[in-house]
Amino acid sequence: MAVPSDPMDALLNAAEALMAARHAQSQALGAGTGAVSLPCLWFFTDPKRTPDPLKVIARLPQGTGVVHRAFGRDEALSHAIIDACKARGIIVLIGKDERLARSGGAHGVHLPASDMARAAAIREAWPRAIITASHHEQEPPPAVQALDALFLSPLFETRSGAGRRPLGTDVARAISASVTCPVYGLGGITVARARALKGTGLAGFAAIDAVVSAAAYGQGRRPD
């Protein structure tokens, strides 16, 4: 009986394929691919859906990224996550709270869509930070000059979409083509769904449930 492939490897391979396609497309058009070299696969933490993020981070491949959304809770855990990521060569961003990000030694900050306008001020105060933001609309944001990347969500149906209608691949393609920074998909993405993202120009994707399930497989049980 064939041994099933590691789901974490499958996720990374799917994300790497999108990153490679984006680079090839950009080179063909004579365009840049972004000033900062960023991961193609990201893990977003969530207080309810990722109760033990350190176990998941221990299973992440090197070169992936983590966005820890602390939501003002448990600063000690945030520092532990930053330390664990940095020890494994994983880029780690803290959601919204640049003070916590800087005090803990994170690589940067991830802003909710409602805070995107703060990116320029954070960039001025913290020039070397990696700054990303979420975007939930069908139209591109008015300005992304201070951002290193944009996370477009929800791309597909997801239980964490806050009731938002999925944006889909056509919106992903349009926004990827209209902004200067890399764009990542988030929301309901699985390896199977990642195949539908081919040709959208996305630089990769982020996930919660898919990464948690893949990590659980690596700890000795199949994903639920």
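Predicted model: local features only at pLDDT ≥ 70, side-chain atom pairs only at ≥ 80, totals over all residues.
Visitor: Fine. How do the strands close up, and in what order?
Guide: Eight strands close into a barrel. The order is 1-2-3-4-5-6-7-8, with parallel pairing. From one strand to the next, the twist averages 25°.

Visitor: Zoom in on strand 2 and strand 3. How many bridges join them?
Guide: Four bridges. Strand 2 and strand 3 run parallel.

Visitor: Which residue in strand 3 does Val 67 stand opposite?
Guide: Val 67 faces Leu 93 there.

Visitor: Which helix lies across strand 2 and strand 3?
Guide: Helix 3 does. Its direction is at about 160° to strand 3.

Visitor: And on strand 6, what lies across that?
Guide: Helix 6, residues 168-178. It also lies across strand 5 (130-135) and strand 7 (183-186). The angle to strand 6 (149-152) is about 165°.

Visitor: Back to helix 3. What span should its 13 residues give?
Guide: At 1.5 Å a residue, they should span 18 Å. The end C-alpha atoms are 18 Å apart, so expectation and model agree. The expected figure is 1.5 Å times one less than the number of residues.

Visitor: Which of its residues are buried?
Guide: Ser 78, Ile 81, Ile 82 and Cys 85.

Visitor: Where do those fall, seen down the axis?
Guide: Within an arc of 100°, so the buried residues of helix 3 line one face of the helix.

Visitor: What covers them?
Guide: The cover includes helix 2, strand 2, strand 3 (91-95) and helix 4 (98-104).

Visitor: And what does the face turned away carry?
Guide: Exposed residues Ala 76 and Ala 87.

Visitor: What about Asp 83, how accessible is it?
Guide: Asp 83 is in helix 3. Its relative accessibility is 49%.

Visitor: How far is Asp 83 from Ala 106?
Guide: Their C-alpha atoms are separated by 8.4 Å. Along the chain, the two are 23 residues apart.

Visitor: What follows helix 3?
Guide: Gly 89. Its phi is positive, near 75°.

Visitor: New topic, charges. How many salt bridges are there?
Guide: A search of the whole structure finds 10. One of them pairs Asp 46 with Arg 69, at 3.7 Å from N to O.

Visitor: Where do Asp 46 and Arg 69 sit?
Guide: They are 23 residues apart, and the pair links distant parts of the chain. Asp 46 is in the loop between strand 1 (41-44) and helix 2 (53-57). Arg 69 is in the loop between strand 2 (65-68) and helix 3 (75-87).

Visitor: Is Asp 46 buried or exposed?
Guide: Buried, at 17% relative accessibility. The cut-off is under 20%.

Visitor: What does Lys 55 meet?
Guide: Asp 52, in a salt bridge of 4.0 Å, N to O. Asp 52 has a relative accessible area of 35%, so it is partly exposed.

Visitor: And Arg 99, what is its partner?
Guide: Asp 97, at 3.7 Å from N to O. Shared partners join Glu 75, Asp 97 and Arg 99 into one salt-bridge network.

Visitor: How accessible are Arg 99 and Asp 97?
Guide: Arg 99 is at 49% relative accessibility, which counts as partly exposed. Asp 97 is at 27%, also partly exposed.

Notes: Residues numbered from 1 in each chain as written. Heavy atoms only, no water. Salt bridge = Lys/Arg side-chain N within 4 Å of Asp/Glu carboxyl O. Helix = DSSP H or I, 4+ residues; strand = E, 2+ residues; numbered from the N terminus. Buried < 20%, exposed > 50% of the residue type's maximum accessible area, 1.4 Å probe, protein only. Arc of directions from axis to C-beta. Contact = heavy atoms within 4.5 Å. Pairing = 2+ DSSP bridges. Axes fitted to C-alpha atoms, helices over the stretch in contact; angles between N-to-C directions.
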